[in-house]
Structure formats: C-alpha cells, structure tokens
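Work through the exercises below with the sequence and the structure open. Try each task before you read its solution.

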Amino acid sequence: MTTIRLQREDFDIAAEVAALTRGRSDVGAVATFTGICRGDDALAAMTLEHYPGMAEGEIARHVEEAGKRWPLSGVTVIHRYGRLTPGENIVLVVTAAAHRGPAFAAAEFLMDYLKVSAPFWKKEERADGTRWVAAKGADSAAAERWTAPRRPEAAE
Amino acid sequence: MAYVDEMKLVYFAWVRERVGKPEEEVDPPAGVATVSDLVTWLSGRGEEYAYAFENRQAIRAAIDRTHVRPETDIAGAREIAFFPPMTGG
C-alpha cells in the first residue's frame with residue numbers, strides 16, 4: 001500500500017500511521033520521519049516550490065525501489081509546498097513492515113533520495129530579503145551511500 | 001538528424017526567476033540535438049538566458065519529467081525542465 005501526496009496543508013501523523021496498520025495483523029513495525037522547518041538565523045519563513053507531476057513520479061520511483069530492497073507492507077510519503085514558518089511540518093515518511101529493520105532502513109533511504117532527486121526547492125525569507133537554499137554536498141553523499149557495494153550499516 | 005518538434009520549456013526556482021517566465025514554447029533550429037546544445041542555444045537568446053545558464057554545473061534538467069544528463073538527446077521531447085539542484089525534504 002503506497003500513498004504519495006503533495007499538499008499545502010499540514011498532515012496528521014497519527015492518522016497516517018493508523019491508515020497503514022488498521023485492520024492488519026502482519027505489521028510489526030512502523031517508522032516515521034518528520035522534517036520540520038527550523039528557524040535558523042532568524043528565518044521568518046520558507047517557500048517550497050515543486051514541479052507538479054514530476055515530484056510525485058520521482059517519489060513513486062523511489063518508493064518502488066524501496067519495496068524491492070526491503071519487505072514493506074506499506075509506505076506513505078507526504079511533502080508540503082507553499083509558505084511554511086519555523087516549527088511547521090515539511091515532509092512525512094511512514095514505512096510499515098513486519099520487523100523494525102526494514103522499516104527504519106526504508107524510511108532513511110526514502111528521505112536520502114527525496115532530498116536529492118525529488119524536484120522541490122526552498123526559498124528562505126528573512127528580514128533582509130529572500131534567498132534560495134543551496135544544495136548540500138552532504139545530501140548527495142547520503143544518497144550515494146545506498147549505491148555503494150557495501151553499506152556501513154550492513155556490518156551491524 | 002531527427003526532426004525536433006515544437007517543445008515546451010519549464011523553469012523552476014532561480015532559473016525561473018532569472019529567465020523571467022515559468023514556461024514557454026520553443027522551436028530550436030536543426031543542430032540542437034542534446035540538452036547541452038539546447039542550453040547553448042537558449043543562452044544566446046538574451047541576457048536573461050545567459051544569466052540563468054551562466055553556471056552550467058548548477059543546472060539540472062528533466063525531459064518529460066525524468067532526470068536527464070546534459071548529453072541526453074532531446075529528439076521527441078515534449079517538455080524539458082531546467083532547475084537548480086534540488087533542496088526538498
């Protein structure tokens with residue numbers, strides 16, 4: 001079960017978790033990741049722009065890839081767009097599986113790819129003006145480690 | 001040489017702001033075969049385009065909503081998007 005939504009409005013984490021577990025007895029683990037707007041350096045707000053159509057497609061592609069890598073019983077990804085102020089939710093990833101390993105791993109995998117391949121752009125707003133957020137090399141590195149021959153976590 | 005039909009270009013984030021419009025229809029001349037060729041051709045259309053595409057390392061592209069590389073052939077593309085590296089999540 002896959003749900004992908006792009007929306008202006010906030011999301012209800014408890015409701016999204018319930019939607020993946022209700023009426024099922026095979027789900028033993030649900031991992032959730034929530035990305036929240038930080039108020040660094042007196043940030044007043046940020047505006048998220050996205051590429052409609054492509055954003056859903058890119059997320060769906062990576063959800064499908066996660067489903068090939070781990071035995072998942074459900075995934076929900078919700079990404080907000082528009083103007084958000086510090087403390088507001090930006091993104092939600094919920095992964096459900098029989099065991100915690102796949103749930104944790106898939107949630108991290110999805111966030112790592114979402115950051116570098118889903119077409120969203122953040123513009124920050126402060127008292128002195130606005131500026132587009134620059135992409136971080138660390139985010140690319142985080143995504144690339146999933147394509148490495150052996151992941152460091154694999155030794156665990 | 002593949003015939004390149006009229007195509008829609010869409011721009012996002014600071015690429016959109018620099019070009020000064022969110023989208024447009026273009027009909028590039030024969031010889032504009034790849035994404036990179038298209039960027040070169042666009043850059044010669046005016047100072048707003050030259051400014052938007054001045055740093056090619058910072059430009060990402062998608063053809064029909066799939067990420068592509070500069071050397072990708074644009075023949076048959078209906079919608080080509082240009083944007084900066086993504087900063088979602």
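**Exercise 1. Is Glu9(A) buried or exposed, and where does it sit?**

Solution. 
- Step 1: Count the neighbours. Glu9(A) has 10 C-beta neighbours inside 10 Å.
- Step 2: Apply the cut-off. A residue with 12 or fewer is exposed, so Glu9(A) counts as exposed.
- Step 3: Glu9(A) is in the loop that links strand 1 and helix 1 of chain A.
- Step 4: Check across the chain. Glu9(A) and Gly82(A) are 73 residues apart along the chain, and their C-alpha atoms are separated by 9.0 Å.

Keep in mind that this is a predicted model.

**Exercise 2. Which pattern of helices and strands does chain A follow along the sequence?**

Solution. 
- Step 1: Count the elements. Chain A has four helices and eight strands.
- Step 2: Read them in sequence. The pattern is β-α-β-β-α-β-β-β-α-β-β-α.
- Step 3: Judge the overall form. For 156 residues the globule rule gives 15 Å, and the radius of gyration of chain A is 16 Å, so chain A is as compact as a globular protein of that length.
- Step 4: Along the principal axes, the C-alpha atoms of chain A fill a box of roughly 50 × 40 × 30 Å.
- Step 5: Look at burial and contacts. Of the 156 residues in chain A, 32% are buried. Take the contacts in chain A between residues at least 6 apart in sequence: 76% of them join residues at least 24 apart.

**Exercise 3. What is the strand order of the four-strand open sheet in chain A?**

Solution. 
- Step 1: Trace the strands. The order is 1-4-6-2, and the pairing is mixed.
- Step 2: Find the edges. Strand 1 (2-7) and strand 2 (29-36) of chain A each pair on one side only.
- Step 3: Take the angle. Ignoring direction, neighbouring strands of this sheet are turned by 5° against each other on average.
- Step 4: Inspect one pair. Strand 1 and strand 4 (residues 72-80) of chain A run parallel and are joined by six bridges. Within this pair, Arg5(A) stands opposite Ile78(A) of strand 4.

**Exercise 4. What is the strand order of the five-strand open sheet in chain B?**

Solution. 
- Step 1: Trace the strands. The order is 2-1-5-3-4, with mixed pairing.
- Step 2: Find the edges. They are strand 2 (23-26) and strand 4 (66-68) of chain B.
- Step 3: Take the twist. From one strand to the next it averages 30°.
- Step 4: Inspect one pair. Strand 3 (residues 60-63) and strand 4 of chain B run antiparallel, with three bridges between them. Ala61(B) stands opposite Val68(B) of strand 4.

**Exercise 5. How many residues does each chain give to the contact between chain A and chain B?**

Solution. 
- Step 1: Count each side. Chain B gives 14 residues and chain A gives 21 residues.
- Step 2: Name the elements on the chain B side. Helix 1 (13-19) and strand 5 (79-83) of chain B each give two or more residues.
- Step 3: Sort that side by type. It holds nine nonpolar residues, four polar and one charged.
- Step 4: Turn to the core. The largest nonpolar core has 53 residues. Among the members that touch the most others are Ala106(A), Leu110(A), Phe12(B) and Ala81(B). Helix 3 (residues 100-117) of chain A gives the largest share of this core, eight residues.
- Step 5: Follow one member. Leaving out residues up to four places away in sequence, Ala81(B) touches Tyr51(A), Val10(B), Phe12(B), Ala61(B) and Ala62(B).

**Exercise 6. Asp41(A) and Ala13(B) have a positive phi. Which of them is buried, and which is exposed?**

Solution. 
- Step 1: Recall the background. Most residues other than glycine have a negative phi.
- Step 2: Read the angles. Phi is about 50° in Asp41(A) and near 55° in Ala13(B).
- Step 3: Asp41(A) lies in the loop between strand 2 and strand 3 (45-50) of chain A. Ala13(B) is in helix 1 of chain B.
- Step 4: Count neighbours. Asp41(A) counts as exposed because it has 7 C-beta neighbours inside 10 Å. Ala13(B) has 23 other C-beta atoms within 10 Å, so it is buried.

Conventions. Residues numbered from 1 in each chain as written. Chains lettered and ligands numbered in written order. Predicted model: local features only at pLDDT ≥ 70, side-chain atom pairs only at ≥ 80, totals over all residues. Contact = placed C-beta atoms within 7 Å. Nonpolar A, V, L, I, M, F, W, Y, C, P; charged D, E, K, R; others polar. Rg over C-alpha atoms; globule rule 2.2 N^0.38 Å. Buried ≥ 20, exposed ≤ 12 C-beta atoms within 10 Å, placed from the backbone. Core = buried A, V, L, I, M, F, W, Y, C linked by C-beta atoms within 7 Å. Pairing = 2+ DSSP bridges. Axes fitted to C-alpha atoms, helices over the stretch in contact; angles between N-to-C directions.
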